[in-house]
Amino acid sequence: MPARRQSSFADVQAQPHSVPDKYLTYGGRSRFLEGWYGDAPEKPGILMIHGGCWLSEYGLDHVRPLCTAINQLGFETWSLEYRRVGETGGGWPGSFEDILAGVSLAAERVSSLIVMGHSAGGHMALWAAAQEQVPGIRACVGLAAISDLVTYAGGTSSCEQATVSLLGGSPGAQPARYQAASPLLLPSQTPTVLVHGTGDTIVSPLQSETFAREKGARYIAIDGLGHFDLVNP
């Protein structure tokens, strides 16, 4: 049997989606939330944080199809935009401050919140779930999440090297920032599920395997799936 074709970024962008019901801003440019209302009040809200190597070239537009699909299951769904590397205020500490502000804003609007993220957004979701300043987070879901920034920064791909830009230096040059920013190095009591495709060549499944083993998270490996399959509804 031939191997299944993995989804590309273009495949994800081409999926249909509905127009958000609500737009909330928590600051200036690149600091806003898009929301789709659900029809089941007893369910928790879900906040999606998009990937894209923390870079300003990639915004939340490509996760609108996934947010639409989640909303159609009855969940109130929010998608978070934040300042990223390449724009004023992006990187350390601005990107992280934005995540806290955006997650807190979403948490105010639902009885409980599941924070979910893909790739670099998965890193931010895991990081947010480990912060005591954000009440109301019920659980965290990482989709091909980057959880170990120290290891990831040691790679040679453009996305791996974006970690250095995000934190303003290598782990050796900025150890305190990596300690504060890497979910693997932070204590967290938030129930967490990590989903990773075994065919992912952008973020190694070892990122999720290691986090799950050391933090007691649930790990779901999906045979053969690639990086973008996890955000292709």
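A residue counts as buried when its relative accessible area is under 20%. The close-up views below are taken from a predicted model.

**View 1. Serine 182 in the loop between helix H7 and strand E7.** Helix H7 covers 175-181 and strand E7 covers 192-197, and serine 182 lies in the loop that joins them. With a relative accessibility of 0%, serine 182 falls under the 20% cut-off and therefore counts as buried. Its side chain reaches the backbone oxygen of serine 147 at 3.3 Å. Leaving aside residues up to four places away in sequence, serine 182 touches Ser147, Asp148, Leu149 and Val150.

**View 2. Serine 7 in the segment before helix H1.** Helix H1 spans 9-13, and serine 7 lies in the segment that precedes it. Serine 7 has a relative accessibility of 12% and so counts as buried. The side chain of serine 7 makes a polar contact of 2.7 Å with the side chain of aspartate 229. A polar contact of 2.9 Å links the side chain of serine 7 to the side chain of asparagine 232. When residues up to four places away in sequence are not counted, serine 7 touches Phe228, Asp229 and Asn232.

**View 3. Alanine 10 in helix H1.** Alanine 10 has a relative accessibility of 48% and therefore counts as partly exposed. From alanine 10 to glycine 86 the C-alpha separation is 22 Å, and the two residues are 76 residues apart in sequence.

**View 4. Lysine 22 in strand E1.** Strand E1 comprises residues 22-25, and lysine 22 is found in this strand. The relative accessible area of lysine 22 is 36%, so this residue is partly exposed. Lysine 22 and glycine 35 are 13 residues apart along the chain, yet their C-alpha atoms are separated by 4.8 Å. Apart from residues up to four places away in sequence, lysine 22 touches Leu33, Glu34, Gly35, Tyr37 and Trp78.

**View 5. The mostly covered helix H2.** Helix H2 runs over residues 64-71, and six of its eight residues are buried. The buried residues are Pro65, Leu66, Cys67, Thr68, Ile70 and Asn71. These buried residues pack against helix H1 and against a set of strands. The strands are E2 (32-36), E3 (45-49), E4 (77-81), E5 (113-118) and E6 (137-143).

**View 6. The packing of helix H3 against helix H4.** Two packed helices are described by the angle between their axes and the distance between the axes. For H3 (residues 94-107) and H4 (residues 120-129), the angle is about 65° and the axes are 10 Å apart. H3 is therefore roughly perpendicular to H4, and the crossing of the two helices is right-handed. On the H3 side, the residues that meet H4 are Ser95, Phe96, Ile99, Leu100 and Val103. Their partners in H4 are His123, Met124, Trp127 and Ala128. Of the residues in this contact, seven are nonpolar, two are polar and none is charged.

**View 7. The cis peptide bond from tryptophan 92 to proline 93.** Most residues other than glycine have a negative phi, and most peptide bonds are trans. The bond from tryptophan 92 to proline 93 is instead cis, with omega near 0°. Proline 93 is found in the loop between E4 and H3.

**View 8. Serine 119 and its positive phi.** Serine 119 is not a glycine, although its phi is positive, at about 60°. This residue lies in the loop between E5 and H4. The relative accessible area of serine 119 is 3%, so serine 119 is buried.

**View 9. Alanine 144 and its positive phi.** Alanine 144 likewise has a positive phi, of about 50°, although it is not a glycine. The loop that holds alanine 144 lies between E6 and helix H5 (149-153). Alanine 144 has a relative accessible area of 0% and is therefore buried.

Definitions and conventions
Residues numbered from 1 in each chain as written. Predicted model: local features only at pLDDT ≥ 70, side-chain atom pairs only at ≥ 80, totals over all residues. Heavy atoms only, no water. Axes fitted to C-alpha atoms, helices over the stretch in contact; angles between N-to-C directions. Helix = DSSP H or I, 4+ residues; strand = E, 2+ residues; numbered from the N terminus. Parallel < 35°, antiparallel > 145°, perpendicular 65-115°, else oblique. Left-handed = near helix turned anticlockwise from the far one by under 90°. Contact = heavy atoms within 4.5 Å. Nonpolar A, V, L, I, M, F, W, Y, C, P; charged D, E, K, R; others polar. Buried < 20%, exposed > 50% of the residue type's maximum accessible area, 1.4 Å probe, protein only. Polar contact = N/O pair within 3.5 Å; in protein donor to acceptor, adjacent residues only side chain to side chain.
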